Every structure is written in structure tokens, then in C-alpha cells.
Amino acid sequence: MDNFFSTRHSVRVFDNRPVSRKVIEEILKAAIHAPTTGNMQLYSVIVTDDVDGKSKLAAQHFNQPAAVNASAIITFCADYNRFEKWCLAREAKPGFNNFQSFVAAMLDATIVAQQFSVIAEMVGIGTCILGTTTYNANEIGELLSLPSRVVPVLSLAIGYMRDDEPDSPTERLPVDAVLHYGKYSDYNDNDIDRLYAEKENLPENVEFVKENGKKSLAQVFTDVRYPKSNNEIFSTKFIEYIIKQGYNL
């Protein structure tokens, strides 16, 4: 188990073999046994595997290599639409047009996406989470014809790994950087130096800093990858779309 998880990594370039719908359905059949809020399964999963559809979706993911090269892009959506319709059909009055309900559905969708990703990787299919789904949720929602109470929250690019795919795990902070017992133990400057030392001194990250003309790896994250201006723009867009889809925030 430790070897499988400690060596896993996102795959961004796939070979040309298509992942069949049968295989996707088999993986999803297993993945839907993931934990879910109140056993409501507040998610829907949309598979885009045609060339035109993938091209349009990839554009909304800023044409990331994983999205462009994927055999399929799978969009996981927070979905109260189906559950509400079941309630109404059974003379039950739903009250799910609120922030708490959206969070529950978002968590359900995220959990099943992670479960799907792990199972896919266990059978030799590479995956890459596209964290840009919430950036352009409105545009993605229009492409996928999402009705009220359905919001895309996470996408997976999937495809078979190439024979020459490097077996290089993504670097991670040490366990004691994230582990707390009993209560949260805050970090002092010495803790931060110690916990981030290995990450900051990796040759590829040192080069990353130089390429971006920054003084530190942290500045690459704050100034280049996730600047405040972009965070605020995409936050506003996502909140507006969530409200448009019928949730009161």
C-alpha cells in the first residue's frame, strides 16, 4: 500500500489508446461505494470523450496538456437536482437551496472523484485532477447543459500511461508538517524553515524560481501561479454561478 501511494503522480501526457466507456463504467461502479453525505450520493459524473467536446472543455481548462491529451475528461458535479426531484415525487419537501447543502454535495463529488482516480490508477490508467473546473464553472456548465442545483466542482483527465512514463512521485511535505494530535500546534519560523527545506531545495524547484525571476518558491505561488487578483476574479465568478444554479450563499 505504501509503495503504491508514495510513488503515484499525476499524468499529463497519455498514449493514444482510448479508455473505453465500459472500463470507465466499471471504475465508476466501484468508485460510487465511496462515503457520501447521508447516503444521498449528491453528485453526477459527466464523461466527455468525443474530440469536439474534449476540445471545447480543454479550452475552459486553459488547454492544460493533461486536458488536451486526455482520452476523456470526466467532470464531477455537486448535484441536488436528482435528489430534489426524488423528494418531490415522493411528497417530501426539500430544503436544500442553501450553502450547507451545496458544501455537502461538493464534498460528495470530490470524494467520489478521488475514489475514481485511485481505482483508475490501480488498473493502469493515468489521471490528472484539473483544479481549474471552478474557475470557469459557468462556461463548463453551459457546455454540459447543467440544470439548476448542479455545479461542476472537479474534473479528471484520464488516459493510459505511456510505456516510458517516469516513475517519479510528486514531492510532498513530511508527515509532521500536517499531523497534529489532540489540538492544532501552530508553526514558528524554525518549523517553517525545517518543514519546507527539502521542497525548496529540490533542483527542479530551484530552477522553477529562477525561471520565474523570483526570490523564493513561495513568491512563485503568490505572484505567478495563484496571484490575489486571479483568486478574487475566479472567486466572484464561482460564487455568482453557484447562486445562479439555485443555492443561497
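## Ile-140 and helix α7

Ile-140 has its place in helix α7, where helices (H or I, at least four residues) and strands (E, at least two) are DSSP runs numbered from the N terminus. This is a predicted model, in which local features need pLDDT of at least 70 and side-chain atom pairs count only at pLDDT 80 or more, while totals for chains, interfaces and linings use all residues. Residues are numbered from 1 along each chain as its sequence is written, and side-chain values use heavy atoms, with hydrogens and water left out.

With a relative accessibility of 0%, Ile-140 counts as buried; buried means under 20% relative accessible area, exposed over 50%, and partly exposed in between, with a 1.4 Å probe and protein chains only. Contact means heavy atoms within 4.5 Å, and Ile-140 touches Leu-57, Gln-60, His-61, Thr-75, Thr-133 and Pro-152 when residues up to four places away in sequence are not counted. The C-alpha atoms of Ile-140 and Lys-29 are separated by 24 Å, and these two residues are 111 residues apart along the chain.

Lys-29 lies in helix α2 and is exposed, its relative accessible area being 63%.

Val-47 belongs to strand β1 and is partly exposed, at a relative accessible area of 32%. Leaving aside neighbours within four places in sequence, Val-47 is in contact with Ile-24, Ala-72, Ile-73 and Ile-74, and its C-alpha atom is separated by 9.9 Å from that of Glu-25, 22 residues apart along the chain. Thr-127, by contrast, is found in strand β3 and counts as buried at 1% relative accessibility; the C-alpha atoms of Thr-127 and Val-11, 116 residues apart along the chain, are separated by 5.5 Å.

## The nonpolar core

A nonpolar core is a set of buried Ala, Val, Leu, Ile, Met, Phe, Trp, Tyr and Cys residues joined through side-chain atoms within 4.5 Å. The largest such core holds 51 residues, of which Phe-76, Tyr-80, Phe-102, Phe-116, Val-151, Val-153 and Ile-158 touch the most other members. Helix α6 (residues 99-122) gives the most to this core, contributing nine residues.

Val-151 shows the surroundings of one of these residues: not counting residues up to four places away in sequence, Val-151 touches Phe-76, Cys-77, Ala-78, Phe-102, Phe-238, Tyr-241, Ile-242, Gln-245 and Tyr-247.

## Cysteines

A disulfide is a pair of cysteine sulfur atoms within 2.5 Å, and by this rule the count comes to zero disulfides. Cys-77 is in no disulfide, since the nearest cysteine sulfur, that of Cys-128, is 18 Å away. Cys-77 also counts as buried, at 0% relative accessibility.

For Cys-87, the closest cysteine sulfur is that of Cys-77, and because the two sulfurs are 19 Å from each other, they are too far for a bond. Cys-87 is likewise buried, with a relative accessible area of 8%.

## The largest pocket

On a 1 Å grid over the protein atoms alone, a pocket is an open set of points where a 1.4 Å probe fits, with protein on both sides within 12 Å along at least five of seven lines, and lining residues have an atom within 4 Å of a point. The largest pocket has a volume of about 1400 Å³, a volume being the space filled by probe spheres set on the points, which are joined across faces, edges and corners. Of the 38 residues that line this pocket, the closest to its centre are Ser-10, Arg-12, Thr-170, Arg-225 and Tyr-226.

At least two residues of the lining come from each of α6, β3 (125-130), α9 (203-211), α10 (217-225) and α11 (228-244), and α6 gives the most, with four residues. The lining divides into 16 nonpolar, 13 polar and nine charged residues, where Ala, Val, Leu, Ile, Met, Phe, Trp, Tyr, Cys and Pro count as nonpolar, Asp, Glu, Lys and Arg as charged, and the others, Gly among them, as polar.

## Positive phi angles

Asn-39, in the loop between α2 (21-31) and β1 (43-48), has a phi near 55°, a positive value in a residue other than glycine. Asn-39 counts as exposed at 63% relative accessibility.

Arg-149 has a phi near 75°, again a positive value in a residue other than glycine, and lies in the loop between α7 (137-143) and β4 (150-160). Arg-149 is buried, with a relative accessible area of 15%.
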